[in-house]
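The stops below are given in the order in which to select them.

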Amino acid sequence: MLSEVLLVSAPGKVILHGEHAVVHGKVALAVALNLRTFLRLQPHSSGKVDLNLPNIGIKRAWDVARLQLLDTSFLAPEALSPTCVCLFACGTEQGDVTAPTPEQVEKLKEVAGLPDDCAVTERLAVLAFLYLYLSIFWKQRWTKEDLELINKWAFQGERVIHGNPSGVDNAVSTWGGALRYQQGKISSLKRPPALQILLTNTKVPRSTKALVAGVRNRLLKFPEIVAPLLTSIDAISLECERVLGEMGEAPALEQYLVLEELIDMNQHHLNALGVGHVSLDQLCQVTRAHGLHSKLTGAGGGGCGITLLKPGLEQPEVEATKQALTNCGFDCWETSIGAPGVSVHSATSLDSRVRQALDGL
C-alpha cells in the first residue's frame, strides 16, 4: 500500500529514422525524448480514486467501493486500494499480462461515465487508465523483471488506445535510450549519445492510417520506384545506428556532419513517398536558414519535426531559431534524446518548474 507521495516519470518518443519503411519490414530507430510525463501518486482517505490529466483537461473521480463490485474478468479485488493508484500485476503470475477484450472496453465505457461529446483523446486516456488501474497494483522495487512487466502492461494500455500498436512507444518509455525495431523485434542500442535537438510541432493534424495507406498505394503503383526508396531509408537507419554506436561518450564533429546528411536524405525520401507537407517544408527551410538540419518524425503530413543541434552552437542562435519557428505558428521545445526510461523521483530532485506544475494540480 502506498504510504507517501510517489513521483514517477516516463520519457516521450520520436522516430529518428525509418518512418513508413518500418511498415514494410525495414529498420526503424526510436529514441527516448527528455520531455517527460510525470505521474504523482498521492494517498488519501476519501474512498475515491481521482484522475487529473491537466494537459488534456480531464479531472474524474470514481468510488473505489463501486469499482470493487464490477464483474469484469480482469478485476482482482485486492488491486483496489482506496489510498493509491496501482502500478503492478495483481492476481496473476509474474509476466502474465492479459490483453483488453472489446467487451471489457465497452464495460469500461460504462464505468467511466463520460459524456457523449467527450473528445476521442480524453475518452481513450480515461479508458486506458481505468483498464490499467483495475488490472495492476503497486510494488516497491523495480528489478529488470519488474521493468519487463511495466513494459507489458504499458503495451496493453497502448492496445486500448491504438488497437494494434507496434510496441515501440511503450518499450522506449520503459527502457529509455534508443531502440532498433524491425518486424516486431525490438533491441536496445548500447550507450547512445544524448543528442540535443529541437522538437517542433507544426500543429497540422493528420491521419497516420491515411498516410500509411498512401505509401502502400504508391508502392503498388510504382514498385520499381518506391521499393528502392524504402531500401534506401533502411540503409539510412542502419548507417545512423552505426554512427551512434561509434559516438559513445566522446562524439566528434565529423559524426554530427554525417548525422546531418542522413537527416537531409531521409527527409527527401519521405517527401518522395508522399508524406511531406508544406508546414514541414517551412520548418526545414527556417532551420536551414540558421545552418541546421531537420526532418519530420512520425507519420508526417504535418505533425512534428526534429532538428539536430551540433555541439558548440551558441545559445542565442538556438533561441533565434526557436523564435523563427514560433513566428510560423509552431510550438518548439529544446530538449535531448537518449533519455532515461521510466523513473521514480524524490520531490527535491525535480526541476523547480516541474514541482510548481505538480503542486498546482
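Start with Gln183, which sits in the loop between strand 5 (178-182) and strand 6 (185-188). This is a predicted model, and in it the phi of Gln183 is near 50°, a positive value in a residue other than glycine. Gln183 counts as exposed, at 63% relative accessibility.

Next select His20, in the loop between strand 1 (6-17) and strand 2 (28-41). His20 is also a residue other than glycine with a positive phi, here near 70°. Is His20 buried or exposed? At 6% relative accessibility, His20 counts as buried.

Now zoom out to the whole chain. Its secondary structure comes to eleven helices and eleven strands. Of its 361 residues, 44% are buried. Among contacts with a separation of 6 or more, 73% are between residues 24 or more positions apart. The accessible surface is about 18,100 Å², and carbon and sulfur atoms account for 53% of that.

Because Arg180 lies in strand 5 and Glu241 in helix 7 (residues 223-247), the pair ties together parts that are 61 residues apart in sequence. Both ends are partly exposed: Arg180 at 21% relative accessibility and Glu241 at 22%.

Stay on helix 7 and select Glu239 and Arg242. Their side chains meet in a salt bridge of 2.6 Å, N to O. The two are three residues apart in helix 7, so about one helical turn separates them. Arg242 is partly exposed at 39% relative accessibility, and Glu239 is partly exposed at 26%.

For another pair within a helix, select Glu106 and Lys109. Their side chains form a salt bridge at 3.2 Å, N to O. Glu106 and Lys109 are three residues apart in helix 2, so they too are separated by about one helical turn. The structure holds eleven salt bridges.

Select strand 3 and strand 4 next. The two strands run antiparallel and are joined by six bridges. The strands form a hairpin with four residues between them, and Gly57 in the turn has a positive phi of about 75°.

Centre on Leu130: leaving aside residues up to four places away in sequence, Leu130 touches Trp62, Leu108, Val111 and Ala112.

Finish at Asn201, in strand 7 (residues 196-201). Asn201 is partly exposed, with a relative accessible area of 23%. Apart from residues up to four places away in sequence, Asn201 touches Gly303, Cys304, Phe330, Asp331 and Trp333. A polar atom of the Asn201 side chain lies 2.8 Å from the backbone nitrogen of Lys203.

Methods. Residues are numbered from 1 along each chain as its sequence is written. This is a predicted model: local features need pLDDT of at least 70, side-chain atom pairs count only at pLDDT 80 or more; totals for chains, interfaces and linings use all residues. Side-chain values use heavy atoms; hydrogens and water are left out. Contact means heavy atoms within 4.5 Å. Buried means under 20% relative accessible area, exposed over 50%, partly exposed in between (1.4 Å probe, protein chains only). A polar contact is a pair of N or O atoms within 3.5 Å; within protein, one must be able to donate a hydrogen and the other to accept it, and residues adjacent in sequence count only if both atoms are side-chain atoms. Two strands pair if DSSP finds at least two bridges between them. Accessible areas come from the Shrake-Rupley method with a 1.4 Å probe; for residues, only the protein chains shown count as cover. A salt bridge is a side-chain nitrogen of Lys or Arg within 4 Å of a carboxyl oxygen of Asp or Glu.
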